[in-house]
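Here is a short briefing to read alongside the model. Take a moment with the sequence and the fold before going on.

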Amino acid sequence: MTRVLHTGDTHLGYQQYNSPERRQDFLEAFRTVVEDAVADDVDAVVHAGDLFHDRRPGLVDLQGTVDILRVLADADIPFLAVVGNHESKRDAQWLDLFADLGLATRLGAEPVVVDDVALYGLDFVPRSRRDDLTYDFDPVPGEVAYATLVSHGLFEPFAHADWDTETVLEESTVDFDAVLLGDNHKPDTAEVLDTWVTYCGSTERASASEREDRGYNLVDFADDEVAISRRGLSSTREFVFVDADLAEGEGVDRVQERVRQHDLEDAVVIVTVEGEGRPIAPAAVEQLAIDRGALVARVNDRRDLPDEDEDVSVSFANPDDAVRERVREMGLSNAALEIDETVRSGDLADSNVRESVERRVRDLLEDDESSFEPAPEREPGDEDVTTVADQLAGESGTADAAAAESAGSAAADSDADTAAAANGGEIEGETAADTDDSATADTGNAATGDGDTDADTDETTDADADADTASLGDFA
Ligand SMILES: [Mn+2]
């Protein structure tokens with residue numbers, strides 16, 4: 001029998017909630033997986049991408065990674081991996097560095113044989129480049145009984161998929177027995193065209209939507225069968241989810257009462273408020289949780305409360321309209337407008353803004369760099385020209401000609417693409433993470449949209465050096 005430990009979406013370097021402890025947690029989860037692999041004496045550890053949260057991990061994260069990978073190397077357990085969307089760089093990959101150090105093997109079109117299993121890899125490929133993909137893999141060596149593909153992306157038949165697994169399997173020159181995946185942080189397994197397709201899930205909660213216990217997969221190859229089982233990680237950071245459904249007239253007291261019912265020591269506390277009731281100040285709830293020992297506390301108020309005093313006659317214009325109007329006047333590029341919309345979209349979980357924007361920018365850069373050019377002046381009366389902002393607002397064709405900026409060819413497909421980006425994000429409700437930060441971000445300002453300031457600052461600083469990195473500041 002050949003046993004492979006399948007993990008992924010480790011997101012090392014992610015300083016979730018701006019907490020250094022959380023950053024350490026991601027590293028510790030990886031260490032636990034590796035220690036389990038050694039204790040279990042598996043034949044290989046397969047990593048399905050997103051080892052790093054960011055394409056610029058910090059030195060401590062890299063040192064920690066080397067330290068952990070060395071544990072595997074010392075135990076003679078190969079670490080076989082592909083590159084995920086979070087960590088992907090234009091030229092060399094971090095994975096190549098670890099390969100140079102003898103600590104990892106990057107999977108690709110040539111098989112890496114572990115006992116009687118041939119493993120192949122397919123890095124994350126942006127949607128815009130998938131049509132040109134040929135799924136050409138070198139033949140399976142004669143003496144090998146099984147073939148496995150490792151990849152990163154949102155594959156069918158799982159939620160929010162944008163990559164057709166049947167196409168991949170049918171067009172591949174190798175007949176795979178199993179496909180081991182990363183990207184979707186929710187673990188799941190399905191059978192597609194007689195092939196087992198499975199996500200291992202993330203090893204630490206990268207977003208508050210990842211409520212289930214974290215873990216990894218064990219994949220056994222024996223007797224012409226592939227058996228996938230799941231093992232939980234018990235030592236991940238405790239998350240306490242407090243769901244308060246307020247009735248009319250209830251307010252912060254009721255929420256605090258619900259918070260007090262839980263043991264919060266060292267936990268990340270996520271308070272979700274729904275229902276009716278009075279407005280509450282999140283700080284009052286978060287402070288209570290901190291006072292009771294929580295590491296981090298965040299309040300997500302999901303209520304759509306009506307205006308408090310309807311008789312007060314100060315009338316504000318619809319703030320969304322006001323922002324949209326102002327954005328139109330700014331002469332932003334089509335790309336900036338789309339990204340502004342992504343940042344402010346109500347359909348997109350705050351936690352997914354960063355990744356959705358990143359993916360969108362990458363796709364735009366590959367498709368049509370002109371979408372980053374500032375919008376040209378538009379003459380009043382150009383009523384047949386509709387801006388992306390108009391389209392996104394569902395006002396297609398009725399744009400206020402005086403205020404609207406002209407849109408180029410990118411406008412035509414912007415609806416579909418942006419909708420897809422929003423979907424991609426929702427999907428990745430499981431994936432990304434900065435719930436806390438973006439919840440408080442200045443949503444009227446596209447340039448500062450994503451709350452993950454840590455990473456963004458980093459990227460903005462280095463933007464000149466790496467064309468692959470388009471920070472919002474570059475085009476907004
Ligand atoms: Mn991921």
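The notes below look at one strand, its partners and the nonpolar cores.

This is a predicted model.

**Strand β7 and its two faces**
- In a regular strand, side chains alternate between the two faces of the sheet.
- In β7, one side carries Tyr146, Thr148, Val150 and His152, and these are all buried.

**Neighbouring strands**
- Strand β6 (residues 117-122) pairs with β7 in the parallel sense, over 6 bridges.
- Within this pairing, you will find Val117 opposite Tyr146 of β7.
- Strand β8 (residues 178-183) also runs parallel to β7, joined to it by 6 bridges.
- Here Gly153 stands opposite Asp183 in β8.
- Between β7 and β8 the chain passes through helix α4 (residues 165-171), making a right-handed β-α-β crossover.

**The nonpolar cores**
- The largest nonpolar core has 61 residues, and Val45, Val46 and Leu119 touch the most other members.
- Helix α1 (residues 20-40) is the biggest contributor to this core, giving 7 residues.
- Beyond its neighbours within four places in sequence, Leu119 is in contact with Val46, Leu80, Leu107, Pro111, Val112, Val114, Thr148 and Val150.
- Another core lies apart from the largest one and has 23 residues, including Val259, Val268, Val285 and Val296.

Technical notes: Residues numbered from 1 in each chain as written. Predicted model: local features only at pLDDT ≥ 70, side-chain atom pairs only at ≥ 80, totals over all residues. Buried ≥ 20, exposed ≤ 12 C-beta atoms within 10 Å, placed from the backbone. Helix = DSSP H or I, 4+ residues; strand = E, 2+ residues; numbered from the N terminus. Pairing = 2+ DSSP bridges. Right-handed = clockwise from strand over helix to strand, strands pointing away. Core = buried A, V, L, I, M, F, W, Y, C linked by C-beta atoms within 7 Å. Contact = placed C-beta atoms within 7 Å.
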